[in-house]
Amino acid sequence: MPDMRYSRWFYAIFFIPILLLPFLSVAGSKWRELSNDNIHDPDGPAIDVLQQPAEALSKLPQDTSGNMVNWVKALEEGAINPRTNLWPETKVQVRNNDLFLENTGEMPVVRFPHRAHTLWLDCKNCHEKYFISKEGANPITMMKILQGKYCGRCHGAVAFPLTECDRCHSVPRNKLEQIKAKSRK
Amino acid sequence: MQKYWCLVIVGSILFWISPLQAEYGDVVLNKRAEREGMPPVVFPHWFHRIRFRCKVCHSELGFEMRAGSNNVTMQEIIDGKFCGMCHNDEIAWGVENCDLCHSGRPGLKSRIHGGHSTAGPGIW
């Protein structure tokens, strides 16, 4: 009966490449081809007409999650200038203040920048439908956000995902007063 | 030791063969498309947000911010509502280009696709 134990070379030659494959496949396809994205019909006539994600997104400020694009930076730097309104009579509003959500348990305090959000969104996208415009009136929890409520309406779907904890929980409690004093009112 | 290796290897093979996913924020609309004999619609958020801010569609055009909650009919689009506000051969291609929107694979469900982060416990 042959020895059932494989040599370490066996592991090295056969298994280490297999372990590396996921990383290779992720690295090789930062933006997937439409024909290979599992939702477009690869045999359909649209495949050759529609813009490929890589063509558009590779020119924008890069990020490490979501579309791999930092959309707020793209807007602030002028890499893109998307239209704010279709009708001339629409009032385009931007609000600049920061809000601090301090009831975050052991996590750092959440800083909510109104500016980054209102550059994209209108007030009434969030108010009063999903967020009441009164401090302390919104019982936000991570569980609700994970279920697609409150911030989770967009974060995790079209805005940066919920795996990016420290981008919202960004203010260490010992620096809170200092950062509040400097923030936009 | 061998057990440990088996777990790692099976895990990485599963991860590797898991199907490739759509671009982050892609929405499939198939509430009535396939029922009425057309392939599902694919809406790429990334493409549209380069050209329009969220507020244009979600405020001016009245799209609810939840996949599946917008009851858009082809007739409304032809009448210039929802997608038809731009897809009218003036701002973007018009409704005669059926295949360009109805470009999804058969059998897809209406929801947001794309990325590990949207495949989680959410209700999208």
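Helices (H or I, at least four residues) and strands (E, at least two) are taken as DSSP runs and numbered from the N terminus. The model is a predicted one, in which local features need pLDDT of at least 70 and side-chain atom pairs count only at pLDDT 80 or more, while totals for chains, interfaces and linings use all residues. Residues are numbered from 1 along each chain as its sequence is written, and chains are lettered from A and ligands numbered from 1 in the order in which they are written.

Chain B holds 5 helices and 3 strands. Along its sequence, chain B reads α-β-β-α-α-α-α-β. Chain B has 124 residues, and 31% of them are buried. A residue counts as buried if 20 or more other C-beta atoms lie within 10 Å of its own, as exposed if 12 or fewer do, and as partly exposed in between; the C-beta atoms are placed from the backbone. Contacts were also examined in chain B. Two residues are in contact if their C-beta atoms, placed from the backbone, lie within 7 Å. Of the contacts in chain B with a separation of 6 or more, 51% join residues 24 or more positions apart.

In chain A, 3 strands form an open sheet. Their order is β1-β2-β3, with antiparallel pairing. β1 (98-101) and β3 (169-171) of chain A stand at the edges with a single partner strand each, so one side of each has no neighbour in the sheet. Neighbouring strands of this sheet are turned against each other by 55 degrees on average, direction ignored. Axes here are lines fitted to C-alpha atoms, for helices over the stretch in contact; angles run from 0 to 180 degrees between N-to-C directions.

Strands pair if DSSP finds at least two bridges between them. β1(A) is joined to β2 (residues 109-113) of chain A by 4 bridges. Phe100(A) has Arg111(A) in β2(A) as its bridge partner. Asp98(A) is partnered by Pro113(A), also in β2(A). Between β2(A) and β3(A), which run antiparallel, there are 2 bridges. There, Val109(A) has Val171(A) of β3(A) as its bridge partner.

The two chains also meet. In chain A, 53 residues are in contact with 49 residues of chain B. On the chain A side, α1 (8-27), α2 (53-57) and α5 (123-126) each supply at least two residues. α1(A) gives the most, with 7 residues. The chain A residues that touch chain B divide into 28 nonpolar, 18 polar and 7 charged. Ala, Val, Leu, Ile, Met, Phe, Trp, Tyr, Cys and Pro count as nonpolar, Asp, Glu, Lys and Arg as charged, and the others, Gly among them, as polar.
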